There are 2 protein chains.
Amino acid sequence: MTNLVDRVTVPTLLTVASTPTTPGSIDTALLGEYLLGTWADARRESRRLMKDAAFHRDDSLNLDDQRERVLGQLRLLADAGSVLKAFPTALGGEDNHGANIAAFEEIVTADPSLQIKSGVQWGLFGAAVLHLGTQRHHERFLPGIMSLEVPGAFAMTETGHGSDVAAIGTTATYDEATEEFVIDTPFRAAWKDYLGNAALHGTAAVVFAQLVTKGVTHGVHAFYVPIRDAHGFLPNIGGEDDGLKGGLNGIDNGRLHFDGVRVPRENLLNRYGDVAADGTYSSAIASPGRRFFTMIGTLVQGRVSLDGASVVASKLALFIAITYGSQRRQFTAADPTKEEVILDYQRHQRRLLPKLATTYAMSFAHEKLLTAFDGVFSGARATDADREDLETLAAALKPLSTWSALEIIQEAREACGGAGFLAENRLTQLRADLDIYVTFEGDNNVLLQLVAKRLLSDYSRKFRNADAGALAGYVAGQVGDAAVNRSGLRKFVQTVADFGSTARSVGFVRDAASQRQLLTDRVQTMVASLAGRLRAAQKASPTEAAALFNANQNELIEAAFAHAELLQWEAFTEALEGVTDARTVEVLTWLRDLFGFTLIEKNLAWYLINGRLSAQRAAAITDYIDDRLLPRLRPHALDLVNAFGFEPEHVRAAIASGAERARQDEAAEYFRVRRAAGIEPVPEKSLTKKSLTGKR
Amino acid sequence: MTNLVDRVTVPTLLTVASTPTTPGSIDTALLGEYLLGTWADARRESRRLMKDAAFHRDDSLNLDDQRERVLGQLRLLADAGSVLKAFPTALGGEDNHGANIAAFEEIVTADPSLQIKSGVQWGLFGAAVLHLGTQRHHERFLPGIMSLEVPGAFAMTETGHGSDVAAIGTTATYDEATEEFVIDTPFRAAWKDYLGNAALHGTAAVVFAQLVTKGVTHGVHAFYVPIRDAHGFLPNIGGEDDGLKGGLNGIDNGRLHFDGVRVPRENLLNRYGDVAADGTYSSAIASPGRRFFTMIGTLVQGRVSLDGASVVASKLALFIAITYGSQRRQFTAADPTKEEVILDYQRHQRRLLPKLATTYAMSFAHEKLLTAFDGVFSGARATDADREDLETLAAALKPLSTWSALEIIQEAREACGGAGFLAENRLTQLRADLDIYVTFEGDNNVLLQLVAKRLLSDYSRKFRNADAGALAGYVAGQVGDAAVNRSGLRKFVQTVADFGSTARSVGFVRDAASQRQLLTDRVQTMVASLAGRLRAAQKASPTEAAALFNANQNELIEAAFAHAELLQWEAFTEALEGVTDARTVEVLTWLRDLFGFTLIEKNLAWYLINGRLSAQRAAAITDYIDDRLLPRLRPHALDLVNAFGFEPEHVRAAIASGAERARQDEAAEYFRVRRAAGIEPVPEKSLTKKSLTGKR
């Protein structure tokens, strides 16, 4: 996985025809095209479709009507076909996995409920049949799934088990006599829960259950199970409505329970494990653990697409807040007759511009992830190592982008004040809908722990007999940069120590290599330190080993977080190479620096404690952000959000429409005219105080 | 203001009758009573009332019905009278300002919309008449306001001006001929906006406008203006509905505009400024600026009560998440047949326990604020300095508690996973409703800037000719601790340097004096540094001065934030003295240490850069949290939330009801019985691998 960043590439963009830009301005058309990435056509097609008001979130509807409307929108989407590209060409799809996800992500501007409900139908329910089933399932089930003739649920999560899917309680016990599987949810905690399409619309489900045959349990497998007909639940199936949620209320999430429900043997989605008529189990994957993770791994697209949708939502939120911040005025500073534009305030810049930098980093990192995903699912780069790398990359990036999206949307909402709280300006609704992204398709903390374990196992694989030299080599290998070698690292640390007394010396981190070194060094040192502390677990009792692991759990997750930040930074840095306009490169480099500096600033204590930065240099990081980067980037803020390429039909926020500017202009003109006419009243403070106080 | 913390005291609690506690456990009954504070009776009365389902948020209603329901609830509240305590005894109130706010804050458990709509009616509209009006207004208007016969809006904010109230565009021009004021909103930005009760229910409003008479504008004053009768808006008044919001949808926020609306001269709320029949303006406060701030200052109770409501909401969220975290199990660690309780995971503790510490700190700090508020409004401690201190304290605490509430509720929601996203578990709805608290009644960033300016002016008042000695004295004075004097500070810094090489030495910050010193030193050093940098502004041009101020704005706000954190820490520390049970004091002291350590950890880079902590000691801070404080506090987490004293009718979250424990027990029993009976299938991995792979 360590070289994944190097293996997948963002294509260099050919210069597209664009209107000449003002000298000093970035080329927003060029940048906008670049941001659309490899699957620009799919994104454009999806965006074009999402301009149609028929797809837009309607805040005026009650719960029932929202659900009904989104179901109807799903039908329109099925007809348009743009989100069905991943299905087999033979069945009307395009076998195009990257384009499919790209198109899917763009739906978020219309309505996240629509996005996630279509994700449930085609990305989970349909993808499970596609990836866990075999030819017979594809032919039999996929046409109905694709056309939405059969809306379905993805019945994996249970009330009692979300993160630990391997421990679910639902069973599918094979009955040789009838050649059927018998599905049971034997206790309340085993009920399937939080399933989209389960409360109302689903007529079938892919049910995950412990496969039991001949008295042996073979672990979690997936079964195609019809659940409803026109009259409601089929016999021995019941359910509950999850009711109103914090967001995504266009989706009918619910619970399902099964009491001896029988399905034919052939309904086992048998790509990775099968049961013969006589009840004999077989699988090409010997290890039950590896088999489980292989099956689960085929469903990585959920995480990939949430990462991408978070990028789109973050762009939208910042477009709104930065547009408004560039028009809104409040308080006078120097000129008492003219109020300041709020984005000119340093604090406002501090609140929004680092988040803009993060959004760009997320966007470029997502392009890498999507490229890796497409490589695996197209078969072009699909070794076991590729799959494992993809899963780790998704597990690293999805937590950061989904958390960041919530922070970004929230800051955007606060930066718009009371106007930001109105549904008509979309930010609160967008945040509410994306809230669940941080815990579904893998709880963020659990995913980061998986990443940490991968980092540890990579580390221990390389350094069974670790010494300092090997460690430094690992650091270099991790970033795939030959220039950053062991001696370089050592020298660098020395340089920091030597230059400790030089105030405001930030020059040393302005180049990419130094930022990379600081960020990489932190990840690797944390991993090496954790590996050292956890080594004792190998010889400890299970209880002691678990306690030792638990005592380091927080830092493990922080190490994974730092690793994911590095991946984002690397993606941003590499993306700079693909931009052909010099001014745009310059401004984007400042933005990348802001991203890198903000990461270093956030973890400044670590760099100080571990002797990587002197106190003076650490202080200079903050000064450089405030005194250099924010003022430099401020004039380009609007261009940088305009490059996201949203059209008014995607934005649909009153405050980002120019209405604020019109109001400001009207008020200013009102006062100008009155002052010119001499009819504006005189301020009291311009009179003598004496004449006003006391009764006269 | 610097001594405010010392001047207001939290009463020492008499030991109340409580059931004997298990040895080693804290006395939750005693602590619960203590947390209720000075106005425990008012809180208990309000909580008792809020158990009634008639007051509870009903998630099933559409926008119109929510608004109607909350209006009806307001009537019940008016009848119950508990939120009318602040009004004059002569009119049926109790002249009891502290009790009034305490009762008001507890409404948040029932429905934040009900809280805020009652705040609009009695805390803003009513309080404006009470505090800005005089006897004639009280007699004429308050009875209808108190009884809700006259629902009203508080028409201060405009679309164009929120934070900068002094610059509002609405005018009230005196017409000597008719002895009336003529109210105008001359352009769109001057429309009153975001006003509760404006869209539907309000029949009157207190309208803030620039008072103009005899061609002079005397600044913002308040006017009582009827706006609607049974047929709708009165002539020349119009409005718009703000529509759906991110939360608080039980309130009918809207816009108002006025086109030459005439009200009698007597409708000017004339406590601080009046206009005679002939148009002559008079005020007891000569300075227009001071007059404005005096009028605005009377409305501080909004900020005070949001601070308190945020405390109550944070307690509720943590009660839910910690109760659930103590019952929910996921993943096995040492014992493969028994899953771990999720609150036993270090990461889960790291996510929730520091937030529990913050909530206790917020709670004790709020008690101080409410005491100061009551002192000013009862007249017991109501000098100009007292008022100014109160306003600064409110401006410091409200931002921290409202932001913390959002973070706490969000972490609670994420810690409950998918269940946390269901409306039935309340967290998402609570967060949505409290979202606006961070920007209304004073945008948090703007409030903190006010605090920073106060810190700077206090500083410059004391040190017009500052030297190092005076600074150290100021540091000591700030915390009101004679023991922390200049030499002590210097010695301490030395000690830190000397002991730099001792690993894991955290003993030095475990005592309160050292924590205080670290926290205080940071505030004071930041303020002194900022004062030094801003000194040049005195001799600069307005443009240069504004630029200089702006270049330091972010750090100014951070200094104010640090100051507010110190106030919270001081309040927590002082509160420890009032607890009479030794074990409870011990556990609360760990919790206070966790709060203090978390603050220091958050700003660790500052302590390192400024030489206050050596690298080893800085690293030890984190280790001490992870290795000592979290494990010590874990066994008491449930007791610490039980001490909040909520009853099931306040909590109303399915996952905090014991349902999760019942599900866990049922599942465990199911497996126990089957294992005992020998009917549980054998796991595949216990068989030989060979027999399973390949076709046979």
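Mentor: Start with two helices in chain B. On the α11(B) side, B:Thr392, B:Ala395, B:Ala396, B:Lys398, B:Pro399, B:Thr402 and B:Trp403 meet B:Asn444, B:Leu447, B:Leu448, B:Leu450, B:Val451 and B:Arg454 of α14(B). By class, that contact has 8 nonpolar, 3 polar and 2 charged residues. Keep in mind that this is a predicted model.

Trainee: At what angle do helix α11 and helix α14 of chain B pack?
Mentor: About 145°, with the axes 8 Å apart. Helix α11 of chain B covers residues 384-415, and helix α14 of chain B covers residues 444-462.

Trainee: Is the crossing of α11(B) and α14(B) left-handed or right-handed?
Mentor: Left-handed.

Trainee: Zooming out. How many helices and strands in chain A?
Mentor: 26 helices and 15 strands. The chain has 696 residues, and buried ones make up 56% of them.

Trainee: And the contacts in chain A with a separation of 6 or more: what share comes from residues 24 or more positions apart?
Mentor: 73%.

Trainee: Now the strands. What does β2(A) pair with in the antiparallel sense?
Mentor: Strand β3 of chain A, residues 180-184, over 5 bridges. One pair of bridge partners there is A:Asp175 and A:Glu180.

Trainee: Which strand does β2(A) pair with in the parallel sense?
Mentor: Strand β5 of chain A, residues 204-213, over 3 bridges. A:Thr171 stands opposite A:Gln210 in β5(A).

Trainee: Which residues of strand β2 are on the covered face?
Mentor: A:Ala172 and A:Tyr174. A:Thr171, A:Thr173 and A:Asp175 are on the uncovered face.

Trainee: Follow β5(A) onward. How many bridges join it to β6(A)?
Mentor: 9, and the strands run antiparallel. A:Val206 has A:Tyr224 as its bridge partner in β6(A). These two strands also make a hairpin, with 2 residues between them. A:Lys214 takes a positive phi near 50° there.

Trainee: Why call β6(A) largely enclosed?
Mentor: Because 9 of its 11 residues are buried, the rest of the structure largely encloses β6(A).

Trainee: Which strand of chain B is strand β6 of chain A joined to?
Mentor: Strand β15 of chain B, residues 682-683. There are 2 bridges, and the strands run parallel. A:Val216 stands opposite B:Val682. A:Thr217 has B:Pro683 as its bridge partner.

Trainee: Why say the copies meet through the same surface?
Mentor: Because 100% of the interface residues of chain A are also interface residues in chain B.

Trainee: Two single residues before I go. Is A:Tyr324 buried or exposed?
Mentor: Buried. The cut-off is 20 or more other C-beta atoms within 10 Å, and A:Tyr324 has 26. Its place is in helix α9 of chain A, residues 301-325.

Trainee: Leaving aside neighbours within four places in sequence, what is A:Tyr324 in contact with?
Mentor: A:Cys416, A:Ile655, A:Ala656 and A:Glu660.

Trainee: And B:Phe141, where does that lie?
Mentor: In helix α7 of chain B, residues 135-147. B:Phe141 is buried too, because it has 23 other C-beta atoms within 10 Å. Beyond its neighbours within four places in sequence, B:Phe141 is in contact with B:Val129 and B:Tyr224.

Trainee: How far apart in space are B:Phe141 and B:Phe125?
Mentor: 10 Å, C-alpha to C-alpha. In sequence, they are 16 residues apart.

Notes
Residues are numbered from 1 along each chain as its sequence is written. Chains are lettered from A and ligands numbered from 1 in the order in which they are written. This is a predicted model: local features need pLDDT of at least 70, side-chain atom pairs count only at pLDDT 80 or more; totals for chains, interfaces and linings use all residues. Helices (H or I, at least four residues) and strands (E, at least two) are DSSP runs, numbered from the N terminus. A residue is buried if 20 or more other C-beta atoms lie within 10 Å of its own, exposed if 12 or fewer, and partly exposed in between; C-beta atoms are placed from the backbone. Two residues are in contact if their C-beta atoms, placed from the backbone, lie within 7 Å. Axes are lines fitted to C-alpha atoms, for helices over the stretch in contact, and angles run from 0 to 180 degrees between N-to-C directions. A crossing is left-handed if the near helix is turned anticlockwise from the far one by less than a right angle, and right-handed if clockwise. Ala, Val, Leu, Ile, Met, Phe, Trp, Tyr, Cys and Pro count as nonpolar, Asp, Glu, Lys and Arg as charged, and the others, Gly among them, as polar. Two strands pair if DSSP finds at least two bridges between them.
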